[in-house]
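Subject: Structure handover

Dear colleague,

Please find the structure below.

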Amino acid sequence: IHEVKHDGYRTLLIIERCKARAYTRNGFDWTDRYSGIAKAAAKLDCRSAIIDGEVIIQNENGIFAKA
């Protein structure tokens with residue numbers, strides 16, 4: 001088992017009160033840049049959560065594309 005390294009952007013999703021915000025590791029609010037991700041996270045069946053992950057962008061062929 002292994003994980004492919006895509007070299008994306010570390011992102012924290014903060015979910016509370018049916019809303020989600022996306023922050024960089026330096027604390028910048030990137031919710032507008034990741035609006036699709038934030039909208040999807042807000043629909044998760046939870047009261048609150050903090051999700052630590054990496055955001056990557058792939059083109060229609062699944063190839064990594066720099067933002």
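Three strands make up an open sheet, in the order E2-E1-E3, with antiparallel pairing. Strands here (E, at least two residues) and helices (H or I, at least four) are DSSP runs, numbered from the N terminus, and two strands pair if DSSP finds at least two bridges between them. E2 and E3 stand at the edges with a single partner strand each, so one side of each has no neighbour in the sheet. On average, and with direction ignored, neighbouring strands of the sheet are turned by 20° against each other. Axes are lines fitted to C-alpha atoms (for helices over the stretch in contact), with angles from 0 to 180 degrees between N-to-C directions.

This is a predicted model: local features need pLDDT of at least 70 and side-chain atom pairs count only at pLDDT 80 or more, while totals for chains, interfaces and linings use all residues. Residues are numbered from 1 along each chain as its sequence is written, and side-chain values use heavy atoms, with hydrogens and water left out.

Sheet and helix

E1 and E3 pair in the antiparallel sense over eight bridges. One of the residues involved is Tyr9, whose bridge partner in E3 is Val55. Helix H1 (residues 35-42) packs on the sheet and touches E1, E2 and E3, and its direction makes about 135° with that of E2. Contact means heavy atoms within 4.5 Å.

E1 and E2 are also antiparallel, over six bridges. Here Ile14 has Arg21 as its bridge partner in E2. The hairpin of these two strands has two residues between them, and Arg17 takes a positive phi near 50° in it.

E2 has a covered face, made of Ala20, Ala22 and Thr24, and an uncovered face, made of Lys19, Arg21 and Tyr23. Thr24 belongs to the stretch of E2 that covers residues 19-24. Thr24 is buried at a relative accessible area of 11%, where buried means under 20%, exposed over 50% and partly exposed in between (1.4 Å probe, protein chains only). Apart from neighbours within four places in sequence, Thr24 is in contact with Arg10 and Trp30.

Lys19, also in E2, is exposed, with a relative accessible area of 60%. With neighbours within four places in sequence again left aside, Lys19 is in contact with Ile14 and Ala42. Its C-alpha atom is separated by 11 Å from that of Ser35, 16 residues apart along the chain.

Nonpolar core

The largest nonpolar core has eight residues: Leu13, Ile15, Ala20, Ala22, Tyr34, Ala38, Ala41 and Val55. E1, E2 and H1 each supply at least two residues of this core. A nonpolar core is a set of buried Ala, Val, Leu, Ile, Met, Phe, Trp, Tyr and Cys residues joined through side-chain atoms within 4.5 Å. Not counting residues up to four places away in sequence, Ile15 touches Ala20, Ala41, Leu44, Cys46, Arg47, Ser48, Ala49 and Ile51. In soluble globular proteins, nonpolar side chains tend to be buried together.

Salt bridges

The whole structure has two salt bridges, each defined as a side-chain nitrogen of Lys or Arg within 4 Å of a carboxyl oxygen of Asp or Glu. Arg10 and Asp52 meet in a salt bridge at 2.6 Å, N to O. This pair links distant parts of the chain, with Arg10 in strand E1 (residues 9-16) and Asp52 in strand E3 (residues 48-55), 42 residues apart. Arg10 is partly exposed at 47% relative accessibility, and Asp52 is partly exposed at 45%.

Asp29 forms a salt bridge with Arg21, with the closest N and O atoms 2.3 Å apart. Asp29 is partly exposed at 36% relative accessibility, and Arg21 is partly exposed at 38%.

Cysteines

The count of disulfides (pairs of cysteine sulfur atoms within 2.5 Å) is zero. Cys18 is in no disulfide, the nearest cysteine sulfur being that of Cys46, 8.7 Å away. Cys18 is exposed, with a relative accessible area of 67%, whereas Cys46 is partly exposed at 32%.

Regards
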